[in-house]
Amino acid sequence: MHDTRRTRLVLGLLLAAALALITIDYRDGTASPLHSLSSFGGSVFGSAEGAVSLLTTPVRQLAGGSGSQAKIASLQRQLAQARAELSQERLSRAQSDQLDRLLRLAGRGGYRIVAANVIAAGPAYADTITIDAGRLDGIKANETVLNGAGLVGTVTAVSAATATVLLTTDASATVGVRLAGTGLIGAVTGTGKSISSAGLLRLQVFSGSAQLRPGQQLVTFGSADGTPYVAGVPVGVITQVEDAGSSLMRQALVRPFVSVASIGVVGVVVAPPRTNPRDSVLPPPPAPASTATAKPSSTATPKPASTATPGPGG
Amino acid sequence: MGRAALVAVASLAAILIQLTVLNGLPLPGGAAPDLVLILVVAIALTGGPAEGMLTGFFAGLALDIAPPASHLVGQSALVFCLAGYAAGRLGGSLGRATWQPLGAMALCTAGGEALSAMVGMLFGDPGVTWSAVGHVLPVSLGYDLLVCPFALYVVVAVSGWAAGGALARGGARRGPARAVPAAAGAIRDTGTGRSPRLRAAAGRPGDGWIGGAGQRAGRAANT
């Protein structure tokens, strides 16, 4: 049956079905029968991704140890090191380092978190990831996701054992921020793939008299009830001030503290801190300055399934 | 029957590899090859338009509902269904030269990538802007073209192996008549050894085909 009338009929039906699905999803996202289809896909493919990622996480971790800015020399050094220590033990030690940094950051801010591993990533035009913790671990939609370096994103969809995280670098993500040390309020929006240096954010400060300069740090301003973003999470550093062409607004490019390529272990904030941590969670600036002493990280509740335990023989 | 199961398993594997490995790899250029699209096109080239569009629709739908997809449900189903149909049609009219299936595959994959970007833009996906497409599309096309020959090679080899197995089973019971549906595709493994040679099939089902398959069937029966 090369191309019969029946084939064309089926093609027409399939195309109509696809267009109908798109229309239904476009019109009412979560209130449609498609929602149950998506949550079905979420549980089935989520568990499959979790199983497969046990095998594939080493591949991504070896490939994704550093950002794209790393120099060839350091890459070669890393390659030699990776060859020398190519074992599950080393990979789980890298993960436990990440978990350690995450717990320290969560302890400084007083965030109560659930730790999770990244198990899958979205297509080229979208910056989304899947993590291996879901509704059963107490995660709900619109909760803040962070790692040891700062803000990662927010939870957009939850299935039983997995959750989808929209990264701050996605073009549809907007986060309210405050310039550290000042009261200036603004918003950062992901640039997606629209500028050549990937992974940057664009800051807009709604004040014509605001003085922006490279090196200033940003923390999240915080939303009501801590959803979708809790207050005080480090976001990034201003790298370049742009001319917005408007006297009502200042604009700048921001390099996030979190590099998308190296996200491995993340924490989902399930309860915001009782008081706003202000700037205390920020990493120390280049000039010597003391940061707030880390509280014991007992407020954090790491997921037992995450790989904090050393590998066999380690 | 065996082929349908193989296609389903291969699509599922491609989706999982795409989501858990390829999308997360920090490849230069910030894009990754679209393994699912490539597989759909390769299956369509070997299996014809009906198989291509069905594979494309369901693989696309699975990709639409598998986390962490954030686009509208149905976008990939639409694009992959069309790409599979086009590849199946194109596969039916290929000559015997080796470059022709590869060229058809490159063409359909490129068309699918471009259509995917167009559909995203059409439905107002905030990540799909002209400048984003300008940065992503050439890079992902480049990776796709790198992967295409290997994917086609594997698909032709596996479908030749599956058809050989079907021949071996069917031939024992009902004779070679059962081979014809399996041979309806456009590109077949015409080699008699282990490594398949990519060549467009002859005009009539069975030309230059039964001999090689018969040998394979004999081997399969022996082992």
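Mentor: Let's start with a term: accessible area here comes from the Shrake-Rupley method with a 1.4 Å probe. Keep in mind that this is a predicted model.

Trainee: Okay, how much accessible surface does chain B have, and what share belongs to carbon and sulfur atoms?

Mentor: The total for chain B is about 9400 Å², and carbon and sulfur atoms account for 68% of that. As for what's tucked away, 52% of the 223 residues in chain B are buried.

Trainee: Why does B:Trp161 count as exposed?

Mentor: The cut-off for exposed is over 50% relative accessible area. B:Trp161 has 62% relative accessibility, so it counts as exposed.

Trainee: What does the secondary structure of chain B come to?

Mentor: Eight helices and two strands. Reading from the N terminus, the order is α-α-α-α-α-α-α-β-β-α. Now look at contacts in chain B between residues at least 6 apart in sequence: 66% of them link residues at least 24 apart.

Trainee: Over in chain A, in what order do the six strands close into a barrel?

Mentor: Follow β1-β2-β5-β4-β3-β12, with antiparallel pairing. On average, neighbouring strands of this sheet are turned by 45 degrees against each other, ignoring direction.

Trainee: How many bridges pair β1 and β12 of chain A?

Mentor: Six, joining β1 (residues 112-121) and β12 (residues 265-271) in the antiparallel sense. To find your place there, look for A:Val114 opposite A:Val268 in β12.

Key: Residues numbered from 1 in each chain as written. Chains lettered and ligands numbered in written order. Predicted model: local features only at pLDDT ≥ 70, side-chain atom pairs only at ≥ 80, totals over all residues. Heavy atoms only, no water. Pairing = 2+ DSSP bridges. Helix = DSSP H or I, 4+ residues; strand = E, 2+ residues; numbered from the N terminus. Axes fitted to C-alpha atoms, helices over the stretch in contact; angles between N-to-C directions. Buried < 20%, exposed > 50% of the residue type's maximum accessible area, 1.4 Å probe, protein only. Contact = heavy atoms within 4.5 Å.
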